[in-house]
Amino acid sequence: PSWYCPEGPAVVERQSFGRASWFPHWEAEHLACRNSVALFDMTFMSKFAVMGRDAGKLLNRMSTANVDGDCGLITYTQWLNERGHMEADLTVTKLSDEYFLVIAADTQHSQVLTKMRRQLSEDSNVSILDVTGTYCQINVQGPKSRELLQRVTTCDLADDTFPFRTAAEIDIGYARVLCARITYVGELGYELFISSENALHVYDMIVQAGADLDLKHAGLRALGSLRLEKGYRDYHVDMDNTDRLVDVGLSFTCDFEKDGGFVGLEAVLEHKDIAKAEGGLKKRISQVLLQNPQPMLHNGEVLWRNGERVSEIRSASYGHTLGGAVGLTLLESNEPIKKSFIEEGDWCVEIGNELYPCSVSLRPLYDPKNERIKM
């Protein structure tokens, strides 16, 4: 769901270009994730088991990051085409030397599955199984998420034994659950992959254990506002196959030294060399935050710099923690887009024929040092 209706009288859903009738419930879900703990039903995510002697080699060649390292590690990575343009945004979890789990958004399901199948050759020792319907996915996110999950498992989830990016099987009641410590909202959190027949049992245990921790169910509105405060990208919304990896700010996922390289490596290196020669990139994704807390952003609004139109808002939400509407935009300029370009600009967003001053940032506006993720 987009948001959850609390107990009591039914909320009449009234849409608005301003604050909709469900705005307070959305805000409560968002703040629960920031301040305590929230539960997200993410079962719709695409899930693929990739198995076999050559599974690691196949996925590592497709991925910008090194996804064939240590077992029990979840890795955020990109898949590119030969031109260095985006084709998929996902995670790869290495569970054993011959067993990997690929997780992507529901909107990338066919694209990811097709791309993997096209990489297979007649002598590839790889099996690809769509397990989207086999597992439910519950994300438990927020500063109290570890405390909550520790109540329902005998496994030690302390930071030194279960650090960020760890993926391991844990017990919850009579179920065995794959638990990955990762986040899409910018907080300490865990993604749980549960066999469908055990999902209700695990869900009930989590809800019961989280009652005194102010656990809230959170919907996709909260997921969107949380991730946009952190500046996390969403494929098909903030970026697509017309965008270069370097322009959308995800070249940090690249391992240029790994054996065999990755599809698009040469193009990415060329793009980086060109940017260096020109003094910087002339296209860059950045965050936008309205200074006035009242207006809403929806996407498609025009961003102005020094009296000139420079881009449009690609995705938007309301930053309940930041205190204003927030969005992502792909800046384009004839000059390098660096810190000075941002600081020397007088920035505004056009909403309903009015200009509203805003802040623009190349770094995440929320927790830029990732301290909350690794607490």
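Colleague: What should I know before I start?

Modeller: The model is predicted, so local features need pLDDT of at least 70, side-chain atom pairs count only at pLDDT 80 or more, and totals for chains, interfaces and linings use all residues. Residues are numbered from 1 along each chain as its sequence is written, and side-chain values use heavy atoms, with hydrogens and water left out.

Colleague: Is helix α2 mostly covered or uncovered?

Modeller: Buried means under 20% relative accessible area (1.4 Å probe, protein chains only). Helices are DSSP runs of H or I, at least four residues; strands are runs of E, at least two. Helix α2, residues 55-62, is mostly covered, with six of eight residues buried. Among them are Leu-58, Leu-59 and Met-62. Its buried residues pack against β2, β3, β4, β5 and α3.

Colleague: In what order do the six strands of the open sheet lie?

Modeller: Strands pair if DSSP finds at least two bridges between them. The order is β8-β9-β10-β7-β1-β11, with mixed pairing. β8 and β11 each have a single partner strand, so one side of each lacks a neighbour in the sheet. β7 and β10 run antiparallel, joined by seven bridges. Gln-141 is bridged to Gly-189 of β10.

Colleague: How do the axes of α1 and α6 cross?

Modeller: Axes are lines fitted to C-alpha atoms, for helices over the stretch in contact; angles run from 0 to 180 degrees between N-to-C directions. Here the axes come within 9 Å and cross at roughly 50 degrees. Contact means heavy atoms within 4.5 Å. Trp-26 and His-30 of α1 are among the contact residues, as are Ser-225 and Leu-226 of α6.

Methods. Buried < 20%, exposed > 50% of the residue type's maximum accessible area, 1.4 Å probe, protein only.
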